[in-house]
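Good morning, and thank you for the time on today's agenda.

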Amino acid sequence: LKFEVVPVDARTAAEAGGGAGFTTGRVIPAPTPPKRNLVPVAHHDGSEGGRFSVLTYNVLADLYATSELYHYTPSWALSWNYRRQNILKEIVGHNADILCLQEVQSDHFEDFFAGELAKHGYTAVYKKKTAQVFSQGTYVIDGCAIFFKKDRFTLIKKYEVEFNKAALSLVESLGGASAKKDALNRLMKDNVALIVVLEALEQPGVAAPQGKRQLLCVANTHIHANTELNDVKLWQVHTLLKGLEKIAASAEIPMVVCGDFNSVPGSAAHNLLSSGRVDAAHPELATDPFGILRPPSKLQHPLPLVSAYTSLTKQPCLESEAAERQRTRMDAAGTGEPLFTNCTAEFMGALDYIFYTDDTLAPLSLLELPAESEVRAKYGGLPNTQWSSDHVALMAEFQWAPRQW
């Protein structure tokens, strides 16, 4: 707290000279993120190259953290100065080799995340969205960031995906000016994706493949959020996958695809990611006002992507009390995905995922998921005084080779 004392004339109420002030120490205790452990799902099978870990986290940009949206959260707990320390502690505590962060405000990337995470051995690439938002008297913008430990990886190449550019190219094939304008209004949502190709550095005591560079492609995206525009979400995901397909065609390279896809399990976008295709009878394909999703047969890709968290429910898995407890927090009988990665007073569901190519990588452990009762305790949803985003972080540890069952 900051106290200022100014002497005032009792008769005239006018200031009567210089004042004095002082600032106290921290009044609100420094936040402590809830403890979350890694749950083993498989043993490392001795494959060359060791292991690495990837975390994905929508950190909730300050420009969206308003009392109007999060009316149940104390205003001081929505403050960026409070939340940023909690988020940083959480990220650093998980100690992942690669971080895929969404909703990173550009000014916060420059004056907070980049410098603070550099102290912990990370270097970063960043991609801003393509339009600014007016918030708290100024224009701000958020985007996607990929951090990686510089003693584990080096950057080989970076690709930036601007879905607005893809939209401009797409509408050229449409009819008249009016149709093009309407299509652009629907498709131009300023979302982006960031893709990096990393090379793993040799680690002491870890056998590296003889005479072969160990490359890894990591994609991080934040897909459009409007629930009325599932066609736009699907088109954005399809566009990203087409870009990844080109990279895969140029080199045999393991891939990890992370982000906030704003798409629940069973949605057309999730189906495309997880099964490589969308059924022509999927109900979401009924809304396609400009024919950008037709024919449905084009909605496919050859990448062998699997959602990491389904290894607890859809594949043979190391059994433990922790693994059994996790299954109660997942749609074990259905999609196998977490019951939620986003939990507010109005919504609860899975929106965030870590996909990997299962012909080149295999999950070894997963960051445990919180129970609904934990995140709703006291305040009714996220964010709150303990959890400083409306999303929960996901993290998976991988080995470099496919699982040999």
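First, a word on the basis. This is a predicted model, in which local features need pLDDT of at least 70 and side-chain atom pairs count only at pLDDT 80 or more, while totals for chains, interfaces and linings use all residues. Residues are numbered from 1 along each chain as its sequence is written, and side-chain values use heavy atoms, with hydrogens and water left out.

Let us begin with empty space. Rolling a probe the size of a water molecule over the atoms shows where such space is left. On a 1 Å grid over the protein atoms alone, a pocket is an open set of points where a 1.4 Å probe fits, with protein on both sides within 12 Å along at least five of seven lines; a cavity is a set of points where the probe fits but cannot get out, and lining residues have an atom within 4 Å of a point. Grid points are joined across faces, edges and corners, and a volume is the space filled by probe spheres set on the points.

The largest pocket has a volume of about 780 Å³. It is lined by 36 residues, and those closest to its centre are Glu-103, Ala-225, Asn-262, Leu-351 and Asp-390. For classes, Ala, Val, Leu, Ile, Met, Phe, Trp, Tyr, Cys and Pro count as nonpolar, Asp, Glu, Lys and Arg as charged, and the others, Gly among them, as polar. The lining of the largest pocket then comprises 14 nonpolar, twelve polar and ten charged residues.

The second largest pocket has a volume of about 290 Å³. Of its 15 lining residues, Lys-212, Arg-213, Gln-214, Pro-254 and Trp-400 are the closest to the centre. Here the classes are seven nonpolar, three polar and five charged.

Next, a helix. Helices (H or I, at least four residues) and strands (E, at least two) are DSSP runs, numbered from the N terminus. A residue is buried under 20% relative accessible area, exposed over 50%, and partly exposed in between, with a 1.4 Å probe and protein chains only.

Which residues are buried in helix H4, residues 163–171? They are Phe-163, Asn-164, Ala-167 and Val-171. Seen down the axis of H4, these buried residues fall within an arc of 100 degrees, so they line one face of the helix; the arc is that of the directions from the helix axis to the C-beta atoms. An α-helix has 3.6 residues a turn, so residues three or four places apart point the same way. On the face of H4 turned away from the buried side are the exposed residues Lys-165 and Ser-169. Contact means heavy atoms within 4.5 Å. The partners against which the buried residues of H4 pack include strand E10 (153–162), helix H5 (177–187) and helix H6 (230–250).

We now turn to the cores. A nonpolar core is a set of buried Ala, Val, Leu, Ile, Met, Phe, Trp, Tyr and Cys residues joined through side-chain atoms within 4.5 Å. The largest core has 56 residues, of which Phe-52, Ile-98, Leu-101, Phe-113 and Phe-398 touch the most other members. Strand E5 (residues 98–105) gives the most to this core, five residues. Apart from it lies another core of 39 residues, among them Phe-163 and Ala-167, both of which we met as buried residues of H4.

Finally, some single residues. His-94 is in helix H2 (residues 80–94), and counts as buried at 14% relative accessibility. Not counting residues up to four places away in sequence, His-94 touches Arg-36, Leu-55, Leu-367 and Met-395.

What of the backbone? Most residues other than glycine have a negative phi, and most peptide bonds are trans. Asn-262, however, has a positive phi near 45 degrees, lies in the loop between strand E13 (255–260) and H7, and is buried at 11% relative accessibility. Lys-378 also has a positive phi, near 75 degrees, but is exposed, with a relative accessible area of 74%. The peptide bond from Arg-294 to Pro-295 is cis, with omega near -5 degrees, and a cis bond also joins Leu-382 and Pro-383. Thank you for your attention.
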